Amino acid sequence: MLQRHVINHRQVAWLVGGVLMTGGMIGLYQSVVRVSRVDAWSFQIIPIIYAVLIAYVLFELGHAFPGKNLFEILFLVCGKWVGGFINLILLLYIWMILVIDVKGLSYFIQASLLPQTPLEVILLVFVLLMMSYSTLEVTARVNEIFFPMNVISSFLMLCLLINEYDAQRLDPILSTSLKGIFFGNYMTMGMFGDVLFFGAFLPVFIQPRLFFAGIKHGVMIVGFTTSLVMLALLTVMGHIIASRLNYPVLALVQQIHVTDFLDRVDIFLLSIWFPSFAIKVIVAFLALLTGIGSFAGGTQHKPFIPSLGLFLIITALLSFPQVEDVERFVGYSFTSVVLIIQVPLLLFLWIRARIERRRTGNIKSDFPPGTRYSQFYGTMEWTSNLSILGCLLTVLVGKWCFEQSMVVSQYVAVIVMVLLAIALVTSYLQMQTVNRYLHKTGRKKFGTHT
Amino acid sequence: MDKLFQIVFGCALLIMFFRYHQKKKRWDPSQRRIVGLIYLLTLLILIASLFPNVQLMPVNYINDYFSPQMMMWVKQS
């Protein structure tokens with residue numbers, strides 16, 4: 001069923017962006033600010049590296065096992081029983097993401113839009129909406145409308161808040177302990193681990209390198225945009241207020257007071273955020289359907305939709321009795337669970353993919369070396385990778401400088417933002433280079449799969 | 001959970017199960033088993049939710065036992 005879908009590189013990048021960007025908006029920001037305080041703006045650096053590593057493992061899998069999704073690969077590599085057991089753990093992991101998002105979003109809608117509506121009804125309507133999408137292609141196309149709107153609205157929000165900024169709220173920058181900064185990054189890693197469920201759609205992405213470049217670009221869009229939003233949050237509210245709010249980003253939008261007639265901008269933004277949230281949940285639901293479908297031979301997903309929808313409603317209702325529970329789980333437990341599941345699995349899959357590629361003699365790069373495209377691709381890849389590593393290094397050096405002289409550390413945030421912007425642009429060029437090369441050589445065939 | 005919602009949800013589950021019973025002959029045996037298992041799990045969870053103070057969800061367990069320890073560790077550092 002999945003093989004018939006048509007997803008291009010831009011849609012992949014934007015889907016990844018949509019999934020990751022909305023994932024943290026409910027329940028993550030305040031926990032990160034509580035721990036990393038004024039230095040919460042650096043909360044994306046290690047998670048970006050982690051997400052790129054996941055994308056790399058998926059790229060290797062795409063090469064080694066063409067036409068197979070993550071669940072099928074596990075069945076193939078580990079056999080029926082062990083593979084089935086690992087797939088069951090993966091299904092539980094995706095179910096956990098779904099429960100967090102569905103319940104978190106229901107609380108968010110109740111708090112922001114529908115305070116009189118019972119939570120059960122909001123949740124029911126939301127799950128019914130989710131059940132109506134049964135293909136990734138439709139979701140990707142809907143996301144093509146809402147993701148750019150979401151990103152543009154985020155930048156617009158930053159501009160409209162211009163009269164509220166106070167840079168002194170960031171002072172003293174880099175005063176948080178290194179452990180605090182690291183823990184802010186650690187909390188966000190769980191959210192960026194969501195990239196793994198794109199493994200369920202591996203057969204949709206015909207060219208693994210284009211898929212990898214698309215995911216990397218999506219991750220960079222999120223890394224750059226959410227860092228700016230976090231910086232705005234800290235400079236508008238300060239870390240003390242931001243860490244005590246349930247929905248700091250919503251409160252940030254409510255701070256926009258451009259004129260007397262434009263003081264409820266949050267209503268406009270909620271109409272963009274809600275579909276974006278929905279898309280994230282739909283992608284996770286499709287991954288869950290694919291996973292369950294793989295147990296039944298992976299033929300048709302539609303028979304599972306009503307039963308899974310009902311299962312999700314009842315389990316989401318019984319999970320997280322209070323809104324604070326969602327925040328506490330996302331902030332303090334989710335990443336640990338994600339890392340326990342993902343790290344050994346990714347290591348195992350990477351080793352198996354390398355072995356498989358070596359066994360079949362498929363270890364050469366799909367870019368012939370020495371061509372104009374491969375040289376430019378290599379330059380862009382190195383630049384973006386070094387920019388990401390440069391962000392990490394800048395924070396570490398800045399922290400060391402803070403101990404010596406506070407003046408130098410003032411520029412660290414600016415340097416990190418510039419490096420993130422460079423990584424964003426170069427990841428885009430990396431993606432476009434692969435796309436142009438594939439077009440030129442005629443290897444890009446949408447809608448077919450071999 | 002609201003009692004009225006539980007009744008509505010129970011009715012929806014019954015209707016869906018009836019439809020599954022009608023359609024299941026057209027599906028593969030493995031599909032039939034999996035869908036049946038999911039309905040059974042849903043029904044069991046619905047019944048368990050009728051009893052107060054029954055905590056079923058693993059996420060709640062993790063949240064109750066692991067998160068506070070993690071919070072304490074972060075605060076200490």
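**Close-up 1. Around A:L233.** In this predicted model, A:L233 touches A:Y29, A:A242, A:P248, A:V249 and A:L252, leaving aside residues up to four places away in sequence. Touching, or being in contact, is taken as two C-beta atoms, placed from the backbone, lying within 7 Å. A:L233 and A:L98 are the residues with the most contacts inside the largest nonpolar core, which has 167 residues. Such a core is a set of buried Ala, Val, Leu, Ile, Met, Phe, Trp, Tyr and Cys residues joined through C-beta atoms within 7 Å. Helices here are DSSP runs (H or I, at least four residues), numbered from the N terminus.

Some housekeeping: this is a predicted model, where local features need pLDDT of at least 70 and side-chain atom pairs count only at pLDDT 80 or more, while totals for chains, interfaces and linings use all residues. Residues are numbered from 1 along each chain as its sequence is written, with chains lettered from A and ligands numbered from 1 in the order in which they are written.

**Close-up 2. Helices α3 and α8 of chain A.** Helix α3 (residues 45-64) and helix α8 (residues 208-244) of chain A pack at about 165°, their axes 9 Å apart. Axes are lines fitted to C-alpha atoms over the stretch in contact, and angles run from 0 to 180 degrees between N-to-C directions. That makes α3(A) and α8(A) roughly antiparallel to each other, a label for angles over 145 degrees. Ala, Val, Leu, Ile, Met, Phe, Trp, Tyr, Cys and Pro count as nonpolar, Asp, Glu, Lys and Arg as charged, and the others, Gly among them, as polar.

**Close-up 3. Where chain B meets chain A.** The contact takes 32 residues from chain B and 33 residues from chain A. On the chain B side, α1 (3-23), α2 (29-49) and α3 (58-76) each supply at least two residues. The most comes from α2(B), with 11 residues. Sorted by class, the side of chain B that touches chain A has 22 nonpolar, 8 polar and 2 charged residues.

**Close-up 4. A:T22 and its neighbours.** A:T22 is found in helix α1 (residues 9-23) of chain A. A:T22 counts as buried, with 25 C-beta neighbours inside 10 Å; the cut-off for buried is 20 or more other C-beta atoms within 10 Å. A:T22 touches A:S276, A:F277 and A:K280, again leaving aside residues up to four places away in sequence.

Conventions
A residue is buried if 20 or more other C-beta atoms lie within 10 Å of its own, exposed if 12 or fewer, and partly exposed in between; C-beta atoms are placed from the backbone. Angles under 35 degrees count as roughly parallel, over 145 as roughly antiparallel, 65 to 115 as roughly perpendicular and the rest as oblique.
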